[in-house]
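Let's take a quick tour of this protein.

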Amino acid sequence: MENKFTFSIVMAVYNVEDYINEAIDSVLNQSLNFEENVQLILVDDESSDNSYKICEEYKEKYPKNIILLSKENGGAGSARNLGLKYAIGKYINFLDSDDYFSKNTLKDALNFLLAHDDEVDFVSMPLRWFGASNKTHPLNYKFDGNDRVVNVMDDYEFIQLHSNSSFFKREVIKKYKFLENTVRSEDSFLINQMLLDNPNYGLINKPTYYYRKRHSSSSLTDTVKSKKEYYTDYLKKYCFKLIDYSKKNVDEVPKFIQYLLIYEIKPILYVDDIKSILNKEEYNELVECIKKLLNYVDEDIIKEHKSINNHIKSLLIFLKNDEFNIVVRPKKRKIFLKSNDYIINKLHNHKIRLDIIEYIDNHLNISGLFVGNCYNESISIKVAIKTLEGKEKIYTATRIEYPTTYRNTRNFLGFDWQFYYSFDFKIPIENDENYKITFLIEFNENGEKVTFYPKVKLRTYCNITEFAPFIVKDSKIILFKDDSIHAVNYSFKGRLKFELDLLHKLLTSSQKHKIDAVSVRILYLILKPFWKNKRIWLFMDDIDEAYDNATYLFKYASNNQDNINNYFIIDKNSKDYKKLKKQNENVVSYGSLKHKLLYLYSEKLIHSHVNRKWNNPFNDLNRKLFAGLNIANKYYLQHFNNKDNNDDSLIKFYNNLKLILTESEYEQNKIINGHYNYDEHIVKCLGFPRYDFLNNDNIEKNILFIPSKNSYSVLLRDFSKLDELLNDEDLLIEINKKGYRFVFKPSKDLIPFLDLIKIHNLVTVNIDDSYQDLINKSSLIISNNSESVLDFAYLKKPIIYYINDNESIENNFGDIVKSKKCLLKKVISHMDNGCEMSSQYKKIVDGYFRFDDNENCKRVFSWLKNN
């Protein structure tokens, strides 16, 4: 059988029953004939699922091509070493059992290897992630250009790590072994031994290796970070072993090995909770090991490395040199953070980035961010506000904490290294004065003091941008120019000059949609006199779905004659558009010309969902070019309670909301005391408008199943919980026997996938009725805590939370169950009780909702008129 096969594919198999078919089929379906050219060696590493059985089925179908081996669990390295012993193909690959090849992979690899037989021992192809991520691999820059042979002694950045995306000459690779009993890099060690012996290898760019990034944490790559072996043991078993091999075989650690080592330790540096995984002694040992490793790495390799950012580079050089110092030049207004002669950071070159610039109630409100590599306590951010007469006053910013966002101290390898300083200013502005506001930063550490004037940049979501650098509000023009903000008295001549300068800048730029922006800005100026006195309020729920808080408040507002022009915005293709349009002519298609005009002159944007894209109809037309035209305030009518207190969309620097509506004082206090940076007058407990339209007038014997909308992405990855409920025959028969119907309401996100889901014939799938209609008519709800649960609780009807073992419910208004058996028992109990909410949960409901007087719309509308 020697040389019978062109390729041998060795596949280590461990608990991949959901994925292995795709991997094997990608080999069977290659353009190169499988039965004539490919030997497939499947090595089961003591799987506990059906992986071995699936392998047996393929073995039975292709007995001449497939070898099936089984071994005690020992990891991918030992499985590949075993499979390698049985490989007889001319070229060998190690496809992972949850990944797959593109169709022409084997043919392209063969053509290259035959053409360069006397030059290379293996060839590699690009690697692309799929599943939880669809990004390309960060080392894919190697594959830019034509297929070619590279020498890593010369092109040391072209490191190679993966055996799964490579094809090896059998007579060469059999001289080496994969590392065993290591958490990762077992194949990288083998490959780089080969490259130290022959530094040439091939690169082909047409085929693709598809590497699965799992949604769950079940893959080895995703779970090993919690193991202590991932750290010092890994460095000793892999990194230092490779260093020793290099020194022994080539008398040095070549640059490509140095480059590889930095790439390999990078994941360790990013582990946030490393000090909770390792004890103090283990952590100190790890740091010393990394310092020792860095002794073998040139400083230039760190500086030039493509796969690490400047913060990581500076940390590694600090660790390499084991020295840090601050050098200040007060007269030159400069601060250098150095390690020996290497400048880790030039603090004076860091920029302030502004999130919010607004003029309201004779105050200029400014929010922004400064990021540096020194402690925030050493920094003070200020503004100097100067009038035309030369009067100057200094204001100091209020530092703001946003611990649930990325704006938190970044920790690398247990070192606090990147510091985020968020800040707010509230500066009084007099009507008859013109002002220039200049930013300055004071640095003061260990008696070293420097004041410098930073560059200032504007966020893309700021209402003033680089290409639209001013707004007009009341009697002021607020202008951003030369890193300063100017607040000048309004004049038509001044406004016209700024606008003409802006139009000229747009027309001479290379920005996409610049002609659209110029046309809109000119149209805005022409129509402004005719629209300026109109009070326009825009209401919106989801972009393609209505009947949430904004819909019902819009209906209420439309019936009140208050000299306000109310409009409801929704996608024209939505099933709710025609229904609403028949009821009210002021229903407008999202993104239409009318919507855009209304948006430009609107006074209030009232939404039940927070999303900057939905708020702005110009979002798809390079939104920064249209900034400054709309100065409407945004009001958020929450469509569900923020139960986890981590809704980043509420964060002030993202959306700068002027109302966050809650249904309970508990929720109100949670947001006020959270880290969203809103004052008490913004977060109001007035009740949800949609609750005014809830009733128990026409209850039917429906048991309603509504999973959380946020869980659909999970359900699409893992149908087990959904399938379990929709096909629980014991439950469904019992429901049917007692005269009830089981009604499943899928979200719009799940509807396109309904054909993929097995649904029992006793389940009624309802996609036509609104959530509210179903809630009103149903007797009992089963959910994993969707927003609909609150509506059900408000009506004091029974709730069953059906959740996973690792989940919990805050403020539960009903029974929590985690198994089919318990669910069946609870459903029967409720049906026997006439689906009456127990007194225990009624008491909880009474204590939670502040209002039940059906006047939520009235309260909210009144507040909006007065604020």
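In what kind of crossing does α10 pass α12? The crossing is left-handed, a label used if the near helix is turned anticlockwise from the far one by less than a right angle. Keep in mind that this is a predicted model, where local features need pLDDT of at least 70, side-chain atom pairs count only at pLDDT 80 or more, and totals for chains, interfaces and linings use all residues. Residues are numbered from 1 along each chain as its sequence is written, and side-chain values use heavy atoms, with hydrogens and water left out.

**The helix pair**
- Helix α10 spans residues 255–269 and helix α12 spans residues 280–294, and they pack at about 160° with axes 12 Å apart.
- That angle makes α10 roughly antiparallel to α12 (the term covers angles over 145 degrees).
- On the α10 side, Leu261, Ile262, Ile265, Ile268 and Leu269 make the contact (heavy atoms within 4.5 Å).
- Their partners on α12 are Leu286, Ile290, Leu293 and Leu294.
- Sorted by class, this contact has 9 nonpolar residues, no polar and no charged ones.

**The cavities**
- There are 6 cavities of 30 Å³ or more (on a 1 Å grid, a cavity is a set of points where a 1.4 Å probe fits but cannot get out).
- The largest cavity takes up about 600 Å³.
- Its lining has 37 residues, and Tyr461, Asn463, Asn630, Ala632 and Lys634 are the closest to the centre (lining residues have an atom within 4 Å of a point).
- Strand β15 gives the largest share of that lining, 6 residues.
- By class, the lining of the largest cavity splits into 18 nonpolar, 10 polar and 9 charged residues.

Key:
Axes are lines fitted to C-alpha atoms, for helices over the stretch in contact, and angles run from 0 to 180 degrees between N-to-C directions. Helices (H or I, at least four residues) and strands (E, at least two) are DSSP runs, numbered from the N terminus. Angles under 35 degrees count as roughly parallel, over 145 as roughly antiparallel, 65 to 115 as roughly perpendicular and the rest as oblique. Ala, Val, Leu, Ile, Met, Phe, Trp, Tyr, Cys and Pro count as nonpolar, Asp, Glu, Lys and Arg as charged, and the others, Gly among them, as polar. On a 1 Å grid over the protein atoms alone, a cavity is a set of points where a 1.4 Å probe fits but cannot get out, and a pocket is an open set with protein on both sides within 12 Å along at least five of seven lines; lining residues have an atom within 4 Å of a point. Grid points are joined across faces, edges and corners, and a volume is the space filled by probe spheres set on the points.
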